[in-house]
Amino acid sequence: MTRRALALGGGGVAGIAWETGVLAGLADAGVDVLDADLIVGTSAGSAVTAQVSSGLPLEDLFRRQIDPALQAREIPAELDLTTYVATLGDIMAGAEDVLEMRRRMGAWALEVPTVPEKSRRDAVASRLPSFAWPDRPIAIVAVDAATGERRIFDPDTGVDLVDAVAASCAVPGIWPPVSIDGRRYVDGGVHSSENADLVVGHDHVLILSPTPAEAPSPPWGGLKEEVDELRHRGSTVLVVHPDEASQSAMGPNPLDPSIREATAHAGREQGRREADRVADLWNPEN
């Protein structure tokens with residue numbers, strides 16, 4: 001039996017809008033990838049995973065990106081990616097291994113003043129059409145701030161869905177770590193922006209990565225290595241990154257809520273253009 005998986009990567013509110021748009025554009029062209037046997041969501045991708053598995057039609061989810069009356073109540077945040085990456089580099093300098101890098105990022109996240117945890121949780125909750133876990137396999141990824149270890153939340157863990165998504169989206173230094181069962185969790189992207197290794201064993205894998213294809217791999221986990229491993233184990237893999245138009249719509253700050261409408265539309269157009277490639281991956285027998 002052929003098994004398919006969808007991995008949705010991180011990328012702020014820009015990533016949520018772009019991934020929603022791409023999925024809508026694929027659907028416009030008759031390519032439905034939401035029948036995946038497993039959806040893995042990291043950071044922005046965790047929000048999209050919860051959204052597309054909520055039962056709300058994809059067209060309604062798209063409208064929630066482009067209609068100001070329906071948009072989530074996001075908290076604006078300034079993020080200069082060049083400065084942010086340099087700060088992370090300073091924090092991780094001299095770390096003996098990747099796990100220590102993650103622990104250092106977690107420790108920094110616990111120290112940096114941010115908005116109150118409840119305010120951030122409320123903002124994340126406003127993204128979700130339903131607070132109930134779906135009756136289907138999904139995985140939402142976060143990282144334990146103290147240990148640096150990856151934590152996978154799914155419908156069987158007993159963790160509140162809003163908390164799981166908020167944890168997965170808790171960008172270190174920007175948003176507060178999320179409290180779950182006495183632990184504090186940060187963004188799943190601290191482990192990997194896509195965590196595509198979690199879909200090993202699936203025959204066909206589609207990865208939506210809001211990070212530009214030419215962006216360098218972070219030292220704590222790279223998509224290239226994950227894709228190489230998937231292919232080595234027999235999966236057919238397609239990665240879709242933002243094209244030039246989508247990158248232009250996203251702008252320099254992926255946490256800027258004002259770019260959602262333009263980015264969702266650009267993603268939808270890109271999804272339509274990618275439909276043939278995705279169809280060949282998803283339904284190669286057709």
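A nonpolar core, as used here, is a set of buried Ala, Val, Leu, Ile, Met, Phe, Trp, Tyr and Cys residues joined through side-chain atoms within 4.5 Å. Buried means under 20% relative accessible area, exposed means over 50%, and partly exposed is in between, with a 1.4 Å probe and protein chains only. The model is predicted, so local features need pLDDT of at least 70 and side-chain atom pairs count only at pLDDT 80 or more, while totals for chains, interfaces and linings use all residues. Residues are numbered from 1 along each chain as its sequence is written, and side-chain values use heavy atoms, with hydrogens and water left out.

Let's start inside. The largest nonpolar core has 55 residues, and those with the most contacts inside it are Leu6, Leu23, Val33, Phe153, Val165, Leu206 and Leu208. Helix H1, residues 12-28, gives the most to this core, with eight residues. Helices here are DSSP runs of H or I with at least four residues, strands are runs of E with at least two, and both are numbered from the N terminus. Take Val33 as a way in: setting aside neighbours within four places in sequence, Val33 is in contact with Leu6, Leu23, Leu26, Leu206, Val278 and Trp282, where contact means heavy atoms within 4.5 Å. There is also a second, separate core of 19 residues, which includes Leu79, Val143, Ile174 and Leu255. As background, nonpolar side chains in soluble globular proteins tend to be buried together.

Now for some strands. S7 (residues 204-208) and S8 (residues 236-240) run parallel and are joined by five bridges; two strands pair if DSSP finds at least two bridges between them. Across that pairing, Ile207 stands opposite Val239 in S8. S8 is mostly covered, with four of its five residues buried. Over in helix H6 (residues 117-125), Arg120, Ala123, Val124 and Ala125 are buried, and what covers the buried residues of H6 includes helix H7 (161-168).

Thr42 is found in strand S2, residues 38-42. Thr42 counts as buried because its relative accessible area is 0%. Beyond neighbours within four places in sequence, its contacts include Leu8, Gly9, Gly10, Val141, Ser193 and Asn195. With neighbours within four places in sequence left aside, Asn195 is in contact with Val40, Thr42, Val141, Arg150, Gly188 and Glu226. C-alpha to C-alpha, Asn195 and Ala213 are 16 Å apart in space and 18 residues apart in sequence.

Asp37 lies in the loop between H1 and S2. Asp37 counts as partly exposed because its relative accessibility is 26%. Neighbours within four places in sequence aside, Asp37 is in contact with Thr2, Arg3, Arg4, Pro137 and His202. The C-alpha atoms of Asp37 and Arg103, 66 residues apart along the chain, are separated by 32 Å.

Grid points are joined across faces, edges and corners, and a volume is the space filled by probe spheres set on the points. The largest pocket holds about 1,300 Å³ of space. Of the 50 residues that line this pocket, the closest to its centre are Gly10, Gly11, Leu81, Ser193 and Thr211. The elements giving two or more residues to the pocket lining are H1, helix H4 (81-92), helix H8 (223-232) and helix H9 (244-250), and H4 gives the most, with six residues.

The count of cavities of 30 Å³ or more comes to one, and the largest cavity has a volume of about 110 Å³. Its lining has 13 residues, of which Gln51, Arg64, Gln65, Ala72 and Arg127 are the closest to the centre. The largest share of that lining, three residues, comes from H3.

Conventions: On a 1 Å grid over the protein atoms alone, a cavity is a set of points where a 1.4 Å probe fits but cannot get out, and a pocket is an open set with protein on both sides within 12 Å along at least five of seven lines; lining residues have an atom within 4 Å of a point.
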